[in-house]
Amino acid sequence: MNIDQYFSHPEIEFRPALNRSEKTGKKYSHSTRLDLLEVYLYQVIWEPKLDHSSLLHHFRKEDDPDTEKLQPLRIFFVDDLDLQASDDGKSDPLEVNTTAYWMRQHLGVSPLFFNCIMFPRLIAKIGNASLVRRENGKRVALDGLYRFSSRIKVPVVTHVWFSHSLIQGRSSTYVIHQCPENAKKALLSYAQGKGHSSMLLRPMAIDAFLQEDCLHEWGQEIIYPRNLLVDYENTRISEFTPVATAQAVENLHGLSSQLHVIQEDLNDLLERLQYLNAVHQRLMDLSISILTDNDDIDSVPDSLNYLLSKTIILKRWAGNYSDRTGIRINLLFNLSTQADNRTNLDIAKLTSKIAVSTQRDSSSMITLVFFFTSRMAAVTMFFLPGTFVSALFSMVFFNTTPDNSLSVGPQWWIFLVITVPLTVVVFATWVLWQRYRNRVDSRGLGIDRLEIIAQVPDNEKDAVAN
């Protein structure tokens, strides 16, 4: 990089120029491809598909300063630009035999603009510049730089550099890199209309054309998210199956992301329109000495203010659509959660029934095992009362006579009267004790609550789920 080259604002232009020189470590294989629109008061010249040689040939006749004063407006529609002439990739990007160098020397194009073209990925966003250029201590031009884009899926990033002369009779110049095709067609079509050239010569009219196209594109971009959102809002909730709900939530999340991007780009457009209004006012203040009563200085600000109002409205509706998308996502999420809760309640009821059945099977098994393991004890219990009574009374009911005959005592019935009731009381007490122990054990394990849950009717279950 030639550090001796002139910078009107070195504090912001020198480092980008230095970085551009250091970062071109490989061959920059771009060549100049541009269209040129020249607008006179009563004539329009259109020169399409110019390369570097044909561009220099076209402007050779413009070298005369008197001829240049007759050129009120030039617009360079740049598709690609030759910035480096050497094939070794080590020379200054603004090599003498390049279009960029010619633009820098003859038009005063800022290094900031060339930096945006060479490294668009490194400069995804740039500021809006308004720079007064001086020559020999005198203000000669108001230059500016800004960028805009108008698409999400296939973004077209446009960089605009402009220069409005502060000397009477000098031209205004625009260099537009990757101008949107619709905006380019609109400018060319209007310029070629009969008697329209004077309207393009108004200060900042070209910027108003560009921003109107940008706003139109963002208005078109928001139509699809809006229609998709309305379709989801008009769909009855009962029509959403679990699979459809999951798909809807995924689509709405993508929709929300798009709307947030649109909102931020509309914020950029809003700030850019305010910036252009400020540039127009600054240009009028700096040009007060060369303005005449016939100069139209009001119509372009009127158009910019209208675009500003329209952008605010579109941005507000983009925010509204974004909020409604969030509400719809929350609704579908809550419905999905309720469906999951209803399923979990069904699972809990089924689990409770299984637990109760398992407890009952376990109780039956325990009873059966207990029966076989304790049957000997039961037999013992059967004879225990009689043994107790016999031992208690120590009475003999059967007597043997001398002739070996057996006789029964007259009070034998007392044994039966006491033994049988006592046996019944013992078994009854045992059964009641077993039932009491089972109840206490069930309460301690919570099995009684599982039996209650298992008996909940389906209508009460739906009420709990809702």
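Where is N136 found? N136 sits in the loop between β4 (129–135) and β5 (138–149); helices (H or I, at least four residues) and strands (E, at least two) are DSSP runs, numbered from the N terminus.

## Basis of the model

This is a predicted model, in which local features need pLDDT of at least 70 and side-chain atom pairs count only at pLDDT 80 or more, while totals for chains, interfaces and linings use all residues. Residues are numbered from 1 along each chain as its sequence is written, and side-chain values use heavy atoms, with hydrogens and water left out.

## The chain as a whole

The protein chain has 14 helices and nine strands. Of its 466 residues, 39% are buried; buried means under 20% relative accessible area, exposed over 50%, and partly exposed in between (1.4 Å probe, protein chains only). The accessible surface of the chain comes to about 27300 Å², and carbon and sulfur atoms hold 57% of that surface. These areas come from the Shrake-Rupley method with a 1.4 Å probe, and for residues only the protein chains shown count as cover.

Among contacts in the chain with a separation of 6 or more, 67% are between residues 24 or more positions apart. Contact means heavy atoms within 4.5 Å.

## Nonpolar cores

The largest nonpolar core has 56 residues, and those with the most contacts inside it are I75, Y146, Y174, I176, I206, L210 and L266. Helix α10 (residues 242–286) gives the most to this core, with 15 residues. A second, separate core of 24 residues includes V78, L107, F113 and I117. A nonpolar core is a set of buried Ala, Val, Leu, Ile, Met, Phe, Trp, Tyr and Cys residues joined through side-chain atoms within 4.5 Å.

Apart from neighbours within four places in sequence, I206 is in contact with L73, I75, Y174, I176, L187 and L200.

## Helix α8

Because 13 of its 17 residues are buried, α8 is largely enclosed by the rest of the structure.

E221 belongs to helix α8 and is buried, with a relative accessible area of 13%. Leaving aside neighbours within four places in sequence, E221 is in contact with S150, R151, I152, K153 and I262.

## Helix α2

In helix α2 (residues 52–60), the buried residues include H52, L55, H58 and F59. Seen down the axis of α2, its buried residues fall within an arc of 125 degrees, so they line one face of the helix; the arc is that of the directions from the helix axis to the C-beta atoms. The face turned away from the buried side carries the exposed residues S53, H57 and R60. Cover for the buried residues of α2 includes β1 (33–39), β2 (44–50), β3 (73–80) and α4 (99–106).

## Positive phi and cysteines

K49 lies in strand β2 and has a positive phi near 55 degrees, though it is not a glycine. K49 counts as exposed, at 76% relative accessibility. N136, also not a glycine, has a positive phi of about 55 degrees and counts as exposed at 86% relative accessibility.

A search of the whole structure finds zero disulfides, a disulfide being a pair of cysteine sulfur atoms within 2.5 Å. C116 is buried at 3% relative accessibility, and C214 is buried with a relative accessible area of 0%.
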